[in-house]
Structure formats: structure tokens, C-alpha cells
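Hi there,

Here is the structure I promised to pass on.

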Amino acid sequence: MSIAYQEDLPAVPEWLNKGDNAWQLTAATLVGIQSMPGLVILYASVVKKKWAVNSAFMALYAFAAVLICWVLVGYRMAFGDELLPFWGKGAPVLGQKYLLSRARVPESKHRNAAGYLEVTAPFYPMATLVYFQFTFAAITVILLAGSVLARMNIKAWMAFVPLWLIFSYTVGAFSLWGGGFLYHWGVIDYSGGFVIHLSSGIAGLTAAYWVGPRHKSDRERFPPNNVLLMLAGAGLLWMGWSGFNGGAPYAANIDASIAVLNTNICAATSLLVWTSLDVIYFGKPSVIGAVQGMVTGLACITPGAGLVQSWAAIVFGILSGSIPWVSMMILHKKSSLLQKVDDTLGVFHTHAVAGLLGAILTGLLAEPELCKLILPAPNTRGAFYGGNGGIQLLKQLAGAVFIIGWNIFSTTIILLAIRLFIPLRMPEEQLMIGDDAVHGEEAYALWGDGEKYDPRKHGLHSTSPLYAEDIAPSPYINGARGVTINL
């Protein structure tokens with residue numbers, strides 16, 4: 001047997017559970033794959049061809065920037081010692097003494113059923129918990145990006161990502177997961193209905209308002225450039241969600257199993273309901289619609305995945321495939337406010353509406369025995385099961401009000417501060433051209449191995465009126481002299 005597996009080595013302290021550690025690292029990797037490459041591929045494919053590179057890069061940049069900010073200050077603002085009832089004290093998490101110690105969330109103290117004081121302390125090192133929670137923070141910012149694709153100034157986005165992580169995401173995470181006031185009050189967010197989906201949807205809509213709309217031609221016609229590749233990204237998102245909800249109990253336990261099953265049941269149900277409504281209302285099934293239905297199902301089940309019975313997961317799926325469909329396809333077109341705000345991928349509907357719906361349904365359908373498996377508060381139950389369930393539903397609504405209010409406030413302040421130094425929206429010439437103007441790169445080589453059109457290289461005589469010397473060189477050819485011509 002390899003020496004690494006011997007129990008008496010310092011690498012295997014007595015508190016370490018190898019199964020829990022292996023599952024948590026696997027779950028973290030699955031959540032990371034949802035972003036890299038899942039949402040990178042989905043965003044690059046679902047937008048117009050001229051925005052494929054920019055959309056993918058926004059997700060790629062956010063993933064890297066969030067990780068560095070997370071280990072420098074963000075993690076302990078979300079899961080460290082209390083600074084305020086809704087915020088932790090920021091500090092780095094880079095020292096080996098800290099990272100190799102047993103994982104714990106210091107402000108999560110609670111009384112167990114026997115009356116003893118406990119704290120959340122999984123059976124693996126802090127390094128595992130830091131990385132697992134990073135992947136949640138990263139995907140939240142990337143989901144938010146879906147609201148401002150195809151027009152946000154890339155430099156403004158680069159400034160926005162770390163600021164929003166520090167001043168918005170960490171507040172929700174500490175309040176609900178890190179031992180903040182909503183946690184101790186008993187608001188339930190199993191795996192991110194509030195912290196991730198409601199936050200990203202509300203912040204995305206707010207950001208879309210301040211950044212402004214896409215170019216008029218993009219708003220009028222915005223076809224995906226590769227539907228099949230979009231499905232590949234969507235598939236990575238769906239499969240990765242098993243780590244998203246399966247990792248929430250912080251252990252490879254029985255609750256993780258039911259959470260994974262419920263997640264997939266709800267997603268499948270929601271996809272089928274959304275597709276059926278498309279057929280009934282529009283006469284044909286939409287592939288993009290099916291993906292949206294999948295996403296709303298995944299977002300909706302997240303706040304209650306390990307706390308509801310599997311028949312309830314079907315109820316979640318029926319409602320997540322219909323209520324967000326109505327809000328996107330019917331109410332959106334009748335609302336002057338929603339029409340005015342250009343939410344590129346409808347993140348408000350697919351994440352804010354679906355996440356809020358899931359949080360409310362959790363307050364209704366959280367099953368008492370399942371709640372006992374992981375929740376600190378005794379006798380927690382949904383209103384459907386009587387007892388104090390009605391109070392739980394009110395707590396869920398109050399928690400939603402806080403998350404909505406904080407995200408509107410913080411996102412607005414952050415963007416107004418950035419606007420003092422960097423324009424939030426791209427200049428008009430970049431909006432017209434897209435990736436080539438913003439990055440000097442294009443997604444697809446449609447001819448000539450991706451070369452820009454240059455008449456000196458492609459057979460035109462020097463006396464031709466199209467000869468490059470007679471036309472101003474394009475500034476978007478990486479410094480090379482040439483022209484860009486629409487043939």
C-alpha cells in the first residue's frame with residue numbers, strides 16, 4: 001500500500017474523513033466546471049457572432065479575478081469572524097497553518113437537539129472549504145454577467161468584478177451561510193437560492209439599467225451563433241449542478257444523495273414544462289427555451305434541494321417551468337420598466353424569479369425529517385407540514401427582501417463609483433463592430449484562416465480602387481496595415 005494512505009501520517013489527522021474530503025473536492029470541481037468551461041462556452045455560443053469572444057472573456061476573467069480576491073480577503077468576509085451582523089472580517093487565507101487546519105465556520109454556533117453548543121466543522125481541511133466556496137462566488141459573478149453582455153465596457157467589468165464580490169456577494173454569503181443574522185434567525189438557503197440566484201438576478205438587472213442597452217441592431221436581432229455548442233455549455237451546467245447541490249451538506253452523507261436526485265428531477269421537469277408551453281403558445285419547441293427551462297429548474301430547486309421530498313421536486317419543476325416562462329414571455333413584454341432595461345440573457349427571469357420562487361417553495365415544502373439532517377435550528381419545517389411552518393415562510397420572504405435591497409443598493413453604488421473613472425458602456429464604434437474592435441480577435445475563421453481582408457494579399461491589382469493605399473487602414477488589425485470590407 002502507498003505510504004500516502006497510512007493512517008499514522010501527519011497528512012491523515014484523526015479528524016479527517018477521506019470520503020468527505022474526496023467528495024467535497026469533487027463537488028468543488030464540478031461547480032468550477034459549470035463556469036470553466038460551462039458558462040464560457042454557453043455565453044460564447046448563445047450571443048451574436050460578433051460578441052462571442054467578448055462574452056466568453058467576461059466569464060473567463062471573472063473566474064480568475066474572483067479566486068485571487070477570494071483568497072486575499074473575500075473568504076473570511078463571507079465565512080470568518082463577525083465584523084457586523086451581515087459581514088465578516090476580511091483577511092487572507094494563504095498560510096498553510098490556516099489552510100491545513102480542520103475546516104470550521106466560526107460564527108455558525110448553535111444549540112443542537114441535546115442543548116450542546118456546536119459550530120459548523122466539516123471533517124476536512126480549510127483549504128477544501130475555501131476552494132469549494134470560491135466556485136460558488138465565481139459562478140454568481142459570471143451569472144450576473146449574462147445581464148450586461150454585448151455592451152459593457154470591458155475595463156469597467158474588470159473593475160466591477162472584485163468590487164461586487166467584496167461589497168455585495170460576501171454580505172449575502174455571511175448573512176445566510178457564514179453565521180450572520182439571517183442564519184441565526186433561521187432563514188433557509190440550502191445551496192444558493194438567495195446567495196447566488198436572487199443576488200445575481202437582481203444585481204444583473206440593476207447593472208443592466210446603469211450600463212444601458214445594447215446597440216439598437218443587437219436588441220432587434222440577436223441570434224445565437226452556435227446552438228449546438230450552446231447545448232454543450234448547458235450540459236456542463238446541468239451536470240455540474242450535482243456538485244452544486246450535492247456539496248452543500250459539506251459531507252458525503254445521505255442528504256447529499258437526495259439533493260442530487262432532486263436537482264435532476266426538478267431540472268428535467270422544468271425543461272419539459274417550458275418546452276410544452278413553447279409548443280402551446282408559439283407552435284414549435286425552442287432549443288433556447290429548453291435551456292432556459294433547464295436553468296430555471298436548477299435555480300429553483302437550489303434553496304431546498306436536500307430539504308424537500310422528491311415528489312416536491314416535481315412540484316418545484318412544474319412551477320419553475322411555468323412561472324418564469326410567464327414572467328419572461330408574457331409579463332416582460334407588457335412591463336414598461338422591464339422593456340426599458342436590457343437584460344441580455346434574461347438573468348432576472350431565469351435566476352431572480354426562479355431563485356425567489358424556490359425560496360418560497362422551500363418555506364412551504366421543507367420536510368421536517370430532512371431538515372433535521374443538516375439544519376441547526378430544531379423543529380424547522382415548511383408551512384405544508386404545520387407547526388411553525390408559517391413562520392418559516394415569513395422568514396423566507398423577509399430574507400428575500402434583504403437580499404434584493406442590498407443588491408440594488410450595493411450594485412448601484414459600485415457602478416456609479418466606477419462611472420466616475422471609466423465609462424460603463426462601450427463607445428458606439430465598438431458596439432457596431434464587436435469583438436474585433438474590443439479585443440482585436442474574432443471567434444470564427446470563416447475564410448482564409450481568419451485573416452483580415454487585405455487586397456494586397458488577395459489578388460487585387462494595385463490600380464484597383466480597393467487597393468489598400470487608397471483606403472484608410474483599419475485600426476483593428478493588430479497594428480497591421482489593411483482594410484476591413486463588407487463583401
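Helix α5 covers residues 154-176, and its 23 residues reach 31 Å from the first C-alpha to the last, close to the 33 Å expected at 1.5 Å a residue (1.5 Å times one less than the number of residues). Helices here are DSSP runs of H or I with at least four residues, strands are E runs of at least two, and both are numbered from the N terminus.

Before going on, please note that this is a predicted model, where local features need pLDDT of at least 70 and side-chain atom pairs count only at pLDDT 80 or more, while totals for chains, interfaces and linings use all residues. Residues are numbered from 1 along each chain as its sequence is written, and side-chain values use heavy atoms, without hydrogens and water.

At Leu-165, α5 bends by about 40 degrees (the angle between axes fitted to the seven residues ending there and the seven starting there). Because 18 of its 23 residues are buried, α5 is largely enclosed by the rest of the structure; buried means under 20% relative accessible area with a 1.4 Å probe, protein chains only.

Overall, the protein has 19 helices and 4 strands, and 54% of its 487 residues count as buried.

Happy exploring!

Definitions and conventions. Buried means under 20% relative accessible area, exposed over 50%, partly exposed in between (1.4 Å probe, protein chains only).
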